[in-house]
Amino acid sequence: MKKLILGLAMAASLSVNAQEKTKSSTPVTFGVKAGFNASTLSKVDQYDNDQTLKPGFNAGVFANIPVAEKFSIQPELLFNQLGSKTEEREVYYINSDRYKREVDYKKTLNYLTIPVMVQYNILPQLYVEAGPEFGFLLGGKDKGDITTVKTSGNTTNTQTTTFSEKIVKDLYNKFNFGIGIGAGYYFTQNFGVTARFTAGITDIYKENSSDAVRNNAFQVGVAYKFK
């Protein structure tokens, strides 16, 4: 009888401890996120002087998986709009005629990206993160205007041409790899804001005999966890 009572007591104690661990453990959470991209294309050592940041957007889903008290892993599946905005200005002469050529165009590259971020919680609501990002090219477009101003004596003629065409995907690498670092802050258990910079490692072009051209993007947005 004593052994039976002792066994029941031990079983009850183990059950209570298991329930407490289950309650105290942090579960896997799922969520959605979306935000604004400011992207450009870079070379090995310097940015193209004619480039400015191109606006775009990102949106998708994520899972947050706690692995320790302050550490978690967050894989994401995002639609990511990258690329660049370029402004070219050129003045040249043919005989006595002066030509001014202005080109403004955007290169948009659409990717399906899978960032895998390792997050560290500095505070319960504040985290920093770093990790790899894997991207798969879906397609893209080149769009812009070419304006040519011809000055001949006192006469000025202006001609503007608009173009919009899909990129030739065969010229681009379908796979893109980058490294991201960022941070985030949750105002509530569900709603937070995020910021991340992702530097490209791989060349966007398949065959490129000159400096590698890589994606770079700064992202800010919001996230919502389902709890």
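**View 1. Aromatic pairs in the predicted model.** By the pairing rule used here, in which rings of Phe, Tyr and Trp (its six-membered ring) pair if their centres lie within 6.5 Å, the count comes to 12 aromatic pairs. One of them joins Phe134 and Phe177, whose ring centres are 5.5 Å apart with 45° between the planes, and this pair is tilted, the word for planes that are neither under 30 degrees apart (stacked) nor over 60 (edge-to-face). The pair links distant parts of the chain, since Phe134 lies in strand E6 (residues 126-152) and Phe177 in strand E8 (residues 175-186), 43 residues apart; strands are DSSP runs of E with at least two residues, numbered from the N terminus. This is a predicted model, in which local features need pLDDT of at least 70 and side-chain atom pairs count only at pLDDT 80 or more, while totals for chains, interfaces and linings use all residues. Residues are numbered from 1 along each chain as its sequence is written, and side-chain values use heavy atoms, with hydrogens and water left out.

**View 2. A cluster of Phe rings.** Phe134, Phe136, Phe175 and Phe177 form one aromatic cluster. Phe134 has a relative accessible area of 30% and is partly exposed, the class between buried (under 20%) and exposed (over 50%), taken with a 1.4 Å probe and protein chains only; Phe177, at 22%, also counts as partly exposed.

**View 3. Lys225 and Tyr186.** The charged end of Lys225 sits over the ring of Tyr186, 4.6 Å from its centre, where the rule asks for NZ of Lys or CZ of Arg within 6 Å of the ring centre and within 35 degrees of the ring normal.

Note on methods. Helices (H or I, at least four residues) and strands (E, at least two) are DSSP runs, numbered from the N terminus.
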